[in-house]
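Here is a walk through one structure, taken part by part. Please look at the sequence and the model before reading on.

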Amino acid sequence: MINHSSEISSRDFGKNFLWGVAISAAQNEGAHAVDGRGPSIWDSYAKRKGKIRDDTKPFEACDFYHRYKDDLLLVKALGFTVFRFSISWSRVLPEGMGKVNKEGIAFYNSLIDECLKLGLTPFITLYHWDLPQALQKEGGWSSHLLLKWFGRFVTVCAEEFGDRVKNWIIINEPMGFTSLGYMLGKHAPGKMSLNEFLPAIHNAAMAQAEGGRIVRHLVKGSYIGTSFSCSEVMPYSSSAKDIEVANRMDILLNRLFIEPSLGMGYPDDHFVLMEKLNLFNKAWKYKERMKFDFDFIGIQNYFPITVKYNPLIPIVQASEVKAATRKVPHTDMGWEINADSFYRMLKRFDAYEAVKELIVTEGGAFFKDKMVNGMVNDELRIDYFQQYLAALLKAKHEGVAVKGYFAWTLMDNFEWAEGFHARFGLIHVDFKTQLRTVKQSGHWFRDFLSSKKERHL
Ligand code: BGC
């Protein structure tokens with residue numbers, strides 16, 4: 001067990017360690033039909049009844065589009081020096097291709113300039129799950145045209161912003177949006193089809209490398225990465241069946257996207273899905289094209305999972321044994337809290353020979369915060385960060401090449417299918433009035449970052 005009882009400070013991570021906070025366009029910007037923006041798949045998906053908790057819509061979200069100047073002041077006040085945000089593809093190219101929306105470009109230009117004015121280093125995520133609806137009509141991530149569309153989007157962004165932004169994350173969690181959006185039907189665009197999932201995986205694997213090449217070519221002095229979700233997979237019992245299905249889930253959750261990006265091709269471990277994936281896409285032809293020499297790999301570890309054999313589940317034949325059922329600590333998302341597991345995943349990703357540097361591009365938790373007398377005393381979240389940061393420091397001391405940590409997320413926002421119910425922010429947002437209130441975890445971060453150990457709570 002990692003000992004986090006003796007409090008650590010940001011100084012322990014060294015002078016050049018990057019401390020950031022992350023947001024994404026669809027979750028924060030709002031202004032969905034303002035200044036020429038086209039609809040994204042999340043705008044359309046949210047209009048379908050029963051898809052988003054409480055049928056809420058992301059149309060206004062945190063109204064970051066209009067409030068970014070004040071929000072950046074908060075980022076600064078909390079002591080972060082890096083700001084990670086994503087570009088809304090349909091704000092920049094309302095139809096996905098074709099005409100560039102000058103007002104969309106102007107918005108990101110002002111956002112970038114404001115960051116630089118405040119001394120915040122911008123990290124741009126190119127794709128954080130909000131495909132233009134116009135492209136979804138033509139097949140979205142499953143379409144053979146995807147690479148062409150994505151290439152144009154990346155080119156526009158690199159040309160417009162690359163003079164000032166040097167840090168780029170090509171895609172956020174390809175496993176997340178391809179599986180939830182094209183196979184499980186739980187996220188936009190709500191598809192449930194292997195025939196859509198298999199090409200979507202392959203197009204995302206190709207796009208992450210192609211995007212890297214475009215940015216490298218167009219942006220002088222760029223520092224390029226891409227972000228992967230990861231979850232340690234534990235078998236529920238030591239039975240051969242449980243171990244076998246845990247291995248399958250491990251391929252899907254931890255190896256499927258990073259290995260092709262490192263030039264290793266898709267994992268090929270006698271798993272029927274991998275055979276189909278290769279066959280469907282004739283993927284063996286593309287081993288070289290799926291590879292890109294990333295400067296860093298972003299890792300995002302929200303939970304480990306425990307699985308057991310279940311013959312009724314197609315393909316993976318595995319079902320999850322939830323943290324609550326196992327009576328282990330978990331967040332209000334139901335996600336197991338396990339900093340030791342985070343530490344092991346850091347070690348594991350660092351061990352790939354072709355991985356140069358790691359950045360934890362997201363880390364955070366949802367707890368049912370309560371506002372009492374204008375204050376949110378979210379001790380559980382503080383405890384969560386303390387545990388995870390102690391695990392990170394241990395890994396770093398043992399030689400893991402980790403260069404930064406970005407908290408997820410600046411403020412409560414549109415949490416995808418969970419709507420506005422699941423709050424991950426360091427800052428509380430009242431969605432009726434847009435009033436921001438820094439939570440105790442935000443104050444804790446400020447003290448942690450300014451290394452004032454004594455000011456803990
Ligand atoms: C995503 C975020 C999301 C967070 C919490 C990550 O997988 O990148 O957009 O809000 O998880 O669910």
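Helix H8 (residues 174–182) is largely enclosed by the rest of the structure, because eight of its nine residues are buried. Buried means under 20% relative accessible area, with a 1.4 Å probe and protein chains only. Helices (H or I, at least four residues) and strands (E, at least two) are DSSP runs, numbered from the N terminus. Among the buried residues of H8 are Pro174, Phe177 and Tyr182. Their cover includes strands S3 (121–127), S4 (167–172) and S5 (223–229) and helices H6 (133–136), H9 (194–218) and H10 (240–255); contact here means heavy atoms within 4.5 Å.

This is a predicted model: local features need pLDDT of at least 70 and side-chain atom pairs pLDDT 80 or more, while totals for chains, interfaces and linings use all residues. Residues are numbered from 1 along each chain as its sequence is written, and side-chain values use heavy atoms, leaving out hydrogens and water.

Strands S3 and S4 belong to a barrel of eight parallel-paired strands, closed in the order S1-S2-S3-S4-S5-S7-S10-S13. Two strands pair if DSSP finds at least two bridges between them; S3 and S4 have four, in the parallel sense.

The ligand is surrounded by 13 residues, each with a heavy atom within 4 Å of it. The closest are Gln27, Asn172, Glu173, Glu362 and Glu415. A polar side-chain atom of Asn172 lies 2.8 Å from a ligand oxygen atom, and one of His128 lies 2.9 Å from a ligand oxygen atom.

How values were computed:
Buried < 20%, exposed > 50% of the residue type's maximum accessible area, 1.4 Å probe, protein only. Polar contact = N/O pair within 3.5 Å; in protein donor to acceptor, adjacent residues only side chain to side chain.
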